[in-house]
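Please keep the sequence and the model in view while reading.

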Amino acid sequence: MEHGRFDYSAIADREPLRFPDGARVAVWVIPNIEHFHWDKPSTSVTAVTVHLKPDVLNYSWRDFGVRVGIWRMMEVMERHGVKGTVALNSEVCGQYPRIVEAGNELGWEWMGHGSTNSVLFNDQPEDEERRLIGDIVSTIADGTGTAPKGWLGPALSESFNTPDILAENGIEYVCDWVNDEQPYPMNVRTGSLISMPYSIEINDIPAFLDRGLGAEEFYRMIVDQFDVLYEDGAASGRVMAICLHPFLIGHAFRAKYFDRALRHITQREEVWVTRGGEINDWYRANYMES
């Protein structure tokens, strides 16, 4: 491939993946827990007020996620024994330590997600990006008690140098490349880095905001995705990511269908409901050359 980060690989030609205990599908749920700056535009429910400073309508709509939505998500996920892998803005550690405390009690994993979703990665000089990523990793390690293994760029943003800098800082898997249903190794200057399957399809922002789908339609998408991957996984294991934002899925009328989707998944056998770090560890132990 012209970018040099990995070679082309047809899934039909690969050695079959075999998950623990014969599971066909590894399912991981990624709550994006984010902090948004008061004076900058970001994900919005309406464009009418995005030019205003402050944009109280859209800011407070997003703020629902950390005040209410995440707590409803935690209740739903705990009901089905599902532990989250949080894409965590490092500023959350200082702004909302109560969420971190609750996530630790539930056994959730924390992966880096930039400092704030008000700042993307793309055009920073390499030295500045290296400093930013180093600060983010250390802040999450200090704030949660564990250094992150994984990374999701805010809005899946990267520069040409991001994978190299992530590996330098001890990140083992990255979720920005939404091009596969199985993990694969990436080329980095030093160390090693895995691309972990993430989804921009089974993702509540594109579903609800871009396509205008209803909660029941999103439930159907999750279930249909799982059912097909479950059948495909009989031949070779597949990874299913469910990518969520508490200011969207955390509303009561949507959480009802999230609950129903998790019930469908967790009632099936030969399913590994897990966290990103566990998929990373399993893949490295069984499919990465030492």
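On a 1 Å grid over the protein atoms alone, a cavity is a set of points where a 1.4 Å probe fits but cannot get out, a pocket is an open set with protein on both sides within 12 Å along at least five of seven lines, and lining residues have an atom within 4 Å of a point. Grid points are joined across faces, edges and corners, and a volume is the space filled by probe spheres set on the points. The model is predicted: local features need pLDDT of at least 70 and side-chain atom pairs count only at pLDDT 80 or more, whereas totals for chains, interfaces and linings use all residues. Residues are numbered from 1 along each chain as its sequence is written, and side-chain values use heavy atoms, with hydrogens and water left out.

By this rule there are two cavities of 30 Å³ or more. The largest cavity has a volume of about 50 Å³, and its lining consists of Glu 34, His 35, Phe 36, Tyr 59, Arg 62, Asp 63, Val 66 and Tyr 96.

The largest pocket has a volume of about 560 Å³. Of the 20 residues that line this pocket, Ser 9, Arg 14, Tyr 184, Pro 185 and Tyr 283 lie nearest its centre. Two or more lining residues come from each of strand E6 (184–186) and helix H10 (276–287); helices (H or I, at least four residues) and strands (E, at least two) are DSSP runs, numbered from the N terminus. E6 gives the largest share of the lining, three residues.

Helix H7 (residues 215–232) has 18 residues and reaches 26 Å from its first C-alpha to its last, close to the 26 Å expected at 1.5 Å a residue (1.5 Å times one less than the number of residues). Which residues of H7 are buried? They are Ala 215, Phe 218, Tyr 219, Ile 222, Val 223, Phe 226, Leu 229 and Tyr 230, where buried means under 20% relative accessible area (1.4 Å probe, protein chains only). These residues lie on the same side of H7 because they cover an arc of only 135° around the axis, taken from the directions from the helix axis to the C-beta atoms. Among the elements that cover them, by contact of heavy atoms within 4.5 Å, are strand E1 (25–33), strand E8 (238–244) and helix H9 (252–266).

The structure holds zero disulfides, a disulfide being a pair of cysteine sulfur atoms within 2.5 Å. For Cys 93, the nearest cysteine sulfur is that of Cys 175, 17 Å away. For Cys 175, the nearest is that of Cys 243, 8.2 Å away. Cys 93 is buried, with a relative accessible area of 13%, and Cys 175 is buried at 0%.

Methods:
Buried < 20%, exposed > 50% of the residue type's maximum accessible area, 1.4 Å probe, protein only.
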